[in-house]
Amino acid sequence: MEDIFHWCREGNGFLIRVWLDDTTHDLNQGDDHGFSPLHWACKEGRAPVVEMLVNRGARINATNMGDDTALHLAAAHGHREITSYLLRHKADLNAVNEHGNTPLHYACFWGYQNIAEDLIKAGALVSLTNKFGETPLDKCKGQMAQKLLELADKMGQDVNKKVPYKDQSWLGTKTRSRDATLSRHLGIKFEELDLREKLAITPSGETWRGKWQGNEIAAKFISLGVNPSGDVIRRASRNFLEEFPRLRIFSHPNVLPVIGCTNSPPNLIVINQFMPFGSLYQILHKPTNLVVDQARALQFAVDIAKGMSFLHSLEPPIMRYFLNSKHVYIDEELTARINMADTKFSFQERNKFYHPAWMAPEMLQKKITEINYKASDMWSFAVLLWELATRQVPFADLQPMECGMKIALEDLRLSIPPGVSSHMSKLIRICMNEEPGKRPSFDQIIPILEKMRSA
């Protein structure tokens, strides 16, 4: 088996790049000790590899079995360049491992004063104690503790009061590197699934929450219609096995892959990781503890645009994915991810659309062979931007069939209400151009969204 962990330890950039180019490879998987490729690259000081992995979607704050993050390892081994890079990419400064130690504890213990100063300047706390009641400064030798104390005081920290260690593991806020079985298995036996709770019933199938090999999963039963014949089931089963591997896209942070399938006719099931926050639609339109302010909304928009840009780069393209907020899920790190389990298979109803409010007019008017799918996806994205900006459900007062008919035949269109920023209004209109050929690509709008986010 290809050893991505070995290549990351050795810094073999060429083989790592080739491995990452295979979309079925999961760069956030862990080895037997939960070390992800990023953990190993940070531990061994492979700065170019660290940058490559982060750019491809490695999770900065994923933990190994000992609850060490990549920043723990970079700080403990004196890799200042990598530590600085991780800090610029929102590494958790005060993450604690199984011993209660923060990255600053390790920088102090090993005498890496420059790294310790960088951490304190970025906001690492000198007063946090580990399980043994020790602060980072208690781990220092010589004059280092006094210098760091003065720096922390200058940065406005309360240096006179120790903060006792508090076990928060029960909160479940840590993000482990992923179990490698999630990306290595294809066929999963139906009897291996422990399905516990029905999450949704839609025309395309039922979705259940459950467990498989200790992993929290969502299992979607693909609907074959009412009372399908034996020939229909056999043909669907054959096509299902051919088509589902293309949905195993582990190589992009804004795509939620299908991790496996169950092909036990008439049960055709696609399986992916369970997302505790649910869909973007649920977060925007149903009671939730997650607050989506303007900054968060723009971040979701950037995430979705990056995911769609990646999907549009694939050859051959994934043609039967229909973008809408019900098909975008939010993971535990509050990253928006496009759910591949919501892609329609060729044997499902070809000319029936369940969410026309998000669909471009030409999708509802023309033959499939006449449609520019990339342009129609951009229209759907414009509806998503409208939804994020207004917090309203598009055409909420209409039934789906009536909505689709009015869009296709009566020029029904969304109006942008007062209160939406002029920049966002302009972008929505550009992305919702009536002429498909005049709509921008996702690559073109990502810089615009990022500029809006940083404004």
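Which helices are included in what covers the buried residues of α18? Among them are α13 (294-313), α15 (373-390) and α17 (422-431).

## About the model

This is a predicted model, where local features need pLDDT of at least 70 and side-chain atom pairs count only at pLDDT 80 or more, while totals for chains, interfaces and linings use all residues. Numbering starts from 1 along each chain as its sequence is written, and side-chain values use heavy atoms, with hydrogens and water left out.

## Helix α18

Phe442, Ile445, Ile446, Leu449 and Met452 of α18 are buried (under 20% relative accessible area; exposed is over 50%, partly exposed in between, with a 1.4 Å probe and protein chains only). Looking down the axis, these buried residues fall within an arc of 130° (taken from the directions from the helix axis to the C-beta atoms), so they line one face of α18. On the other side, Asp443, Lys451 and Ser454 are exposed.

## The open sheet

Elsewhere, five strands make an open, antiparallel sheet in the order β3-β4-β5-β8-β7 (two strands pair if DSSP finds at least two bridges between them). β3 (194-202) and β7 (260-264) sit at the edges with a single partner strand each, so one side of each has no neighbour in the sheet.

β3 pairs with β4 (residues 205-212) over seven bridges, in the antiparallel sense. Here alanine 200 stands opposite threonine 207 of β4.

Methods:
Helix = DSSP H or I, 4+ residues; strand = E, 2+ residues; numbered from the N terminus. Contact = heavy atoms within 4.5 Å.
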